[in-house]
Amino acid sequence: MVTTPRADAAAWSAGWWQQARACPSPNCEPRPDPQDISLLVVHAISLPPRVYGGGEVEALFTNRLDWDAHPYFQGIRGLRVSSHFFIDRAGLVVQFVSIHERAWHAGASCWAGRDNCNDYSVGVELEGMDDDCFTAQQYGSLLRLSAGLCAVLPQLRTVLGHEHIAPGRKLDPGPGFDWATYAQGLASVGLQVAPVAFERPQEKPAS
Ligand SMILES: [Zn+2]
């Protein structure tokens, strides 16, 4: 059973979702075209890999990670990245960057002939691994967030994984992400995934 999320434009304040805990990151900048936010990118992340429940992702996205705390961190020392949202295994949502700003989540990327997906996308990181599954709480929060984004971003139509916009370089969220369940949830609020893109029904030709 997929819970039906309810889109609510009033749940936003200056690009910040009121259902998320705000943890502002300095790793952002203005979008080249603030009106062009047409893509939602789903990621998976955990730090160190496969370790869930710590505060390391939040620390990384706010430039507070102790690079000496784990051997894995040596390989990413100095990395400055961010995402608009992070959803932990319990479904709790943290927001780091206003959706009106450009976050640094996609890196070298391309979709539909356009590169630099960070320019025109919203990034959502799910706590996890590209070879692991995700929790029901995460799907529930992702659906609520997706519906909320659609309420305030009229050009948002497509959702893709990082693996789709950076093929060969990125694998996340990976085969453990259940696109079918996600699509079913989106359809319950009138959105569709086909196969990983959703359209607004009111914009379809009348039949
Ligand atoms: Zn990613």
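How many of the seven residues of strand β11 (residues 121-127) are buried? Let's work towards the answer step by step.

## About this model

This is a predicted model, in which local features need pLDDT of at least 70 and side-chain atom pairs count only at pLDDT 80 or more, while totals for chains, interfaces and linings use all residues. Residues are numbered from 1 along each chain as its sequence is written.

Helices (H or I, at least four residues) and strands (E, at least two) are DSSP runs, numbered from the N terminus. Six strands form an open sheet with mixed pairing, in the order β3-β7-β6-β11-β5-β12. β3 (21-22) and β12 (158-161) each have a single partner strand and stand at the edges, so one side of each has no neighbour in the sheet.

Two strands pair if DSSP finds at least two bridges between them. Strands of a sheet pair through backbone hydrogen bonds, either parallel or antiparallel.

Now back to the opening question. Seven of the seven residues of β11 are buried, so the rest of the structure largely encloses this strand. A residue counts as buried if 20 or more other C-beta atoms lie within 10 Å of its own, as exposed if 12 or fewer do, and as partly exposed in between, with C-beta atoms placed from the backbone. In a regular strand the side chains alternate between the two faces of the sheet. In β11 both faces are covered: S121, G123, E125 and E127 are buried on one side, and V122, V124 and L126 on the other.

Strand β6 (residues 85-87) runs parallel to β11 and is joined to it by three bridges, with I87 opposite L126. Strand β5 (residues 39-45) also pairs with β11 in the parallel sense, over seven bridges.

## Strand β5

Seven of the seven residues of β5 are buried, so this strand too is largely enclosed by the rest of the structure. One side holds L39, V41, H43 and I45, the other L40, V42 and A44, and all are buried. β5 also pairs with β12 in the parallel sense over four bridges, where V42 has G161 as its bridge partner.

Helix α3 (residues 136-152) has 17 residues. From first C-alpha to last, α3 reaches 25 Å, close to the expected 24 Å; the expected span is 1.5 Å times one less than the number of residues. Twelve of the 17 residues of α3 are buried, including Y139, R144 and C150.
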